[in-house]
Amino acid sequence: LAGPSAVGKTTISDEIMRQNDKFTLSRSATTRAPRGDGHDDEYVYLTRDEFLAAIESGDILEHTEYSGDLYGTPKSEILRAEREGKYALFILDLAGVASLRESEFADDTLFVYIYDTLNTLEERLYARYMDPPTVDGLTKFAKRKEQNIADYLGFDKHAPLFDLMISNATTVSETAANIIAAMSEQ
């Protein structure tokens with residue numbers, strides 16, 4: 001799953017797993033600090049040096065830098081899902097999708113882009129970073145908003161990376177059900 005910041009990727013992935021127990025979240029590795037927003041268990045937190053060493057050893061399948069923090073998919077998470085007999089759900093950005101398209105797992109992956117209106121994304125970003133209002137929150141809000149606008153305006157060059165494009169303007173339950181249906185058609 002990919003899409004702009006605050007489009008609902010985590011919420012939708014949670015709903016996919018609620019609707020179908022054959023899916024498990026592939027935790028991302030990151031150098032960012034935990035947010036304390038109830039989703040911190042979805043990440044493997046590493047120092048920058050640990051992350052760079054994992055890239056060097058081939059333990060990170062794909063990676064990108066976003067707002068000064070590194071994010072990537074540990075190969076161990078995919079292997080864990082396989083051992084459990086489940087399908088791994090990835091939450092990626094555009095660079096992560098491009099990297100995964102080049103990986104050994106590309107043929108077995110359905111690449112889904114989730115989108116919504118820029119106004120809705122801005123409202124969600126504001127709620128995420130400005131409650132309570134802080135200077136740091138305002139800085140993060142502005143960076144994410146700017147990145148969403150840039151991604152939106154330049155999306156045409158990234159569209160071929162995706163097998164499915166789906167709006168999150170319906171209910172989360174409907175969006176998840178539509179993604180599950182598309183996956184079962186593959």
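Student: Which residues does Ser28 touch, not counting residues up to four places away in sequence?

Tutor: This is a predicted model: local features need pLDDT of at least 70, side-chain atom pairs count only at pLDDT 80 or more, and totals for chains, interfaces and linings use all residues. Numbering runs from 1 along each chain as its sequence is written, and side-chain values use heavy atoms, leaving out hydrogens and water. Contact means heavy atoms within 4.5 Å. Leaving out residues up to four places away in sequence, Ser28 touches Glu42, Tyr43, Val44, Gly72, Pro74 and Ile91.

Student: Does Ser28 count as buried or exposed?

Tutor: Ser28 lies in strand S2, residues 28-30 (strands are DSSP E runs of at least two residues, helices H or I runs of at least four, numbered from the N terminus). Buried means under 20% relative accessible area, exposed over 50%, partly exposed in between, with a 1.4 Å probe and protein chains only. Ser28 has 10% relative accessibility, so Ser28 counts as buried.

Student: How are H1 and H7 oriented to each other?

Tutor: Helix H1 (residues 9-19) packs on helix H7 (residues 172-185) at about 65 degrees, with axes 9 Å apart. Axes are lines fitted to C-alpha atoms, for helices over the stretch in contact, and angles run from 0 to 180 degrees between N-to-C directions. Under 35 degrees is roughly parallel, over 145 roughly antiparallel, 65 to 115 roughly perpendicular, the rest oblique. H1 and H7 are therefore roughly perpendicular.

Student: Which residues of H7 make the contact with H1?

Tutor: H1 contributes Thr11, Ile12, Glu15, Ile16 and Gln19. The H7 side is Val172, Ser173, Thr175, Ala176, Ala177, Ile179 and Ile180.

Student: Which residues does Val112 touch, not counting residues up to four places away in sequence?

Tutor: Val112 is among the core residues that touch the most other members. Beyond four places in sequence, Val112 touches Leu1, Ala2, Phe162, Leu164, Ile166 and Ile179.

Terms used:
A nonpolar core is a set of buried Ala, Val, Leu, Ile, Met, Phe, Trp, Tyr and Cys residues joined through side-chain atoms within 4.5 Å.
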